[in-house]
Amino acid sequence: MKRISSTLIALAAVALAASTSSAQSAKPVSLGISAGAAIPTSDLGNDYSTGWNGTVSLGFNSFGSPIGFRIDGMYNSFGAQDFVNLPDIKIYSANANLVYSVAGVGIKPYLIAGAGIYGLQSDVNTAFTGSSTITKLGLNGGIGASFPLSGFNTFAEARLHYIFTDNTATQFIPVTFGISF
């Protein structure tokens, strides 16, 4: 009994030390940069190949709270598949997101969701808009994991972006890897 009690006390002390050091290392403001693959899905995936993504993020975290706020600026590029005679497209956006961090030691998983404004740009004017760029609202949601290192964090993330376009389902999933300071 005495051995079990001392083991439980030791485990509790280790857990408390880990959670305290984790909370103390959280920065109230962070700047992140990431890049990776942008995978088109649904109607977009029928005509376009996997492209690339670049993202810059500004995060705001409250001490002791698992909920944070993050603003992302994102750029995606997609090439048309060989059998389709369509111009390449670029999708850029500004998103506001809530981030919910799940407790963890070492690896810190999180959930992210938000809304934003998306610009879809092609190299050709469209018959409907008379322009090569349209602007639409959209939603996003996904998962990620942060890996704290000495002085900065690395992270991996995947999110589904859904853009409210008129006739087609414009969806894609950027899978990115990055660093934050």
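Author: Two strands count as paired if DSSP finds at least two bridges between them. The model discussed here is predicted.

Reader: How many bridges join β5 to strand β6, and in which sense do the two run?

Author: Strand β6 covers residues 133-148. Within this pair, A115 stands opposite L139 in β6. β5 and β6 run antiparallel, and the bridges that join them number 14.

Reader: Which residue of β5 is the bridge partner of A94?

Author: β4 spans residues 89-101 and β5 spans residues 108-122; the two pair in the antiparallel sense over 13 bridges. In β5, the partner of A94 is I117.

Reader: Which residue in the hairpin of β4 and β5 takes a positive phi?

Author: The hairpin has 6 residues between its strands. A positive phi near 85° is found there at G106.

Reader: What volume does the largest cavity have?

Author: A search of the whole structure, with a threshold of 30 Å³ or more, finds 1 cavity. The volume of the largest cavity is about 60 Å³.

Reader: Which strand gives the most to the lining of the largest cavity?

Author: The lining consists of S34, T55, S57, R70, M74, E157, A158, R159, H161, P174 and T176. By class, these comprise 3 nonpolar, 5 polar and 3 charged residues. At least two lining residues each come from β2 (51-61), β3 (67-78), β7 (153-163) and β8 (170-180). With 4 residues, the strand that gives the most is β7.

Reader: Is Q171 buried or exposed?

Author: Q171 lies in strand β8. Leaving aside neighbours within four places in sequence, Q171 is in contact with P40, T41, S42, L44, L160, H161 and Y162. The relative accessible area of Q171 is 17%, and the cut-off for burial is under 20%, so Q171 is classed as buried.

Reader: Which residues are in contact with F78, leaving aside its neighbours within four places in sequence?

Author: F78 belongs to the largest nonpolar core. Beyond those sequence neighbours, the contacts of F78 are A38, I39, P40, L44, Y48, S49, G51, D88, I89, I91 and F172.

Terms used. Residues numbered from 1 in each chain as written. Predicted model: local features only at pLDDT ≥ 70, side-chain atom pairs only at ≥ 80, totals over all residues. Heavy atoms only, no water. 1 Å grid on protein atoms, 1.4 Å probe; cavity = no way out; pocket = protein on both sides within 12 Å on 5 of 7 lines; lining within 4 Å. Points joined across faces, edges and corners; volume = space filled by probe spheres on them. Nonpolar A, V, L, I, M, F, W, Y, C, P; charged D, E, K, R; others polar. Buried < 20%, exposed > 50% of the residue type's maximum accessible area, 1.4 Å probe, protein only. Contact = heavy atoms within 4.5 Å. Core = buried A, V, L, I, M, F, W, Y, C linked by side-chain atoms within 4.5 Å.
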